[in-house]
Amino acid sequence: MPHPSDTASDQDWADSLSPDRRSLITGSLIGASALASAAWSGPASAATAGEVLTPAATVGIPSGQPGAALPLRPSTFSGKSEWGYHTAAQPTPRPVSVRTGEEQLPTHPRPYTDIKSYHAHIYFDEDSHHKASLLRRWVAERFDVELGDWNLTPRGPHVTPSFYFGFQNELLPVVIPWLQLNSLGLTILIHPNSDNARSDHLYYALWVNRSQPVNAYSMKAVDDSIEVFTNTQPTVRIET
Ligand code: ZN
């Protein structure tokens, strides 16, 4: 059974046709619409435009509630919302700033020397894991980095499969252009490790290719526990 709003959509399409074409099909279209309206049953079909149904005619909303407005069609839901029936009337709150040190305009820039090291997180999925595997091998063969495990499910703030490698600041001028040219199209998050894991992930990040959500709101605002210890033994000279 078509939803009543489908008829309006059909009419829009009909209106966009040429007058000749429209006159050809108008008869059948209107006929179908009339049939559809007639077939539509329930409290709403009994109401004409502008008529206000009594609260008792609504379904799923207790009668007498101020918010019990006329539904476009009767709801089949008969439970009770855990949020009550007045959420639409709530005032709009102002979110609290979580940008550490930026709750108000800072008076001085933050020293870039706060950055102790970097992470590169490489994201992939079931269709791109071969690319991730090749990139991972290339990195391990060429760079003194801390290479992490494969994460085949979301881990920490990372919402898709990923692996990461950490590196010292000195490698940044090489790693960034190297990843730009060798990302294989994968999404890569490069974030600094200052003393603020949340801001490091949410606000100080660089991305190679598209960005994707990072679920870091619950990370500590102050966390200086992240260190990078290299664990690879490069055997290949970086191509230049
Ligand atoms: Zn990281």
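The model is predicted: local features need pLDDT of at least 70 and side-chain atom pairs count only at pLDDT 80 or more, whereas totals for chains, interfaces and linings use all residues. Residues are numbered from 1 along each chain as its sequence is written, and side-chain values use heavy atoms, with hydrogens and water left out.

**Overall fold**

The chain contains five helices and five strands. Here helices (H or I, at least four residues) and strands (E, at least two) are DSSP runs, numbered from the N terminus. Along the sequence these elements follow the pattern α-α-β-α-β-β-α-β-α-β.

Of the chain's 240 residues, 27% count as buried; buried means under 20% relative accessible area, exposed over 50%, and partly exposed in between (1.4 Å probe, protein chains only). The chain exposes about 16,000 Å², and carbon and sulfur atoms supply 57% of that area. Accessible areas come from the Shrake-Rupley method with a 1.4 Å probe; for residues, only the protein chains shown count as cover.

Contact means heavy atoms within 4.5 Å. Among the contacts in the chain with a separation of 6 or more, 65% are between residues 24 or more positions apart.

**Helices α3 and α4**

Helix α3 spans residues 129–142 and helix α4 residues 172–182; their axes come within 12 Å and cross at roughly 150 degrees. Axes are lines fitted to C-alpha atoms, for helices over the stretch in contact, and angles run from 0 to 180 degrees between N-to-C directions. The two helices are therefore roughly antiparallel to each other (an angle over 145 degrees).

In this contact, L135, W138, V139 and R142 of α3 meet W178, L179 and N182 of α4. By class, the contact has five nonpolar, one polar and one charged residues. Ala, Val, Leu, Ile, Met, Phe, Trp, Tyr, Cys and Pro count as nonpolar, Asp, Glu, Lys and Arg as charged, and the others, Gly among them, as polar.

**Two residues**

The table gives the relative accessibility of N193 and P177.

| Residue | Relative accessibility | Class |
|---|---|---|
| N193 | 1% | buried |
| P177 | 34% | partly exposed |

N193 belongs to strand β4 (residues 188–193). Not counting residues up to four places away in sequence, N193 touches D114, I115, K116, S117, Y118, H119, D200, I226 and V228.

P177 lies in helix α4. P177 and V208 are 31 residues apart in sequence, and their C-alpha atoms are 9.9 Å apart in space.

How values were computed: Angles under 35 degrees count as roughly parallel, over 145 as roughly antiparallel, 65 to 115 as roughly perpendicular and the rest as oblique.
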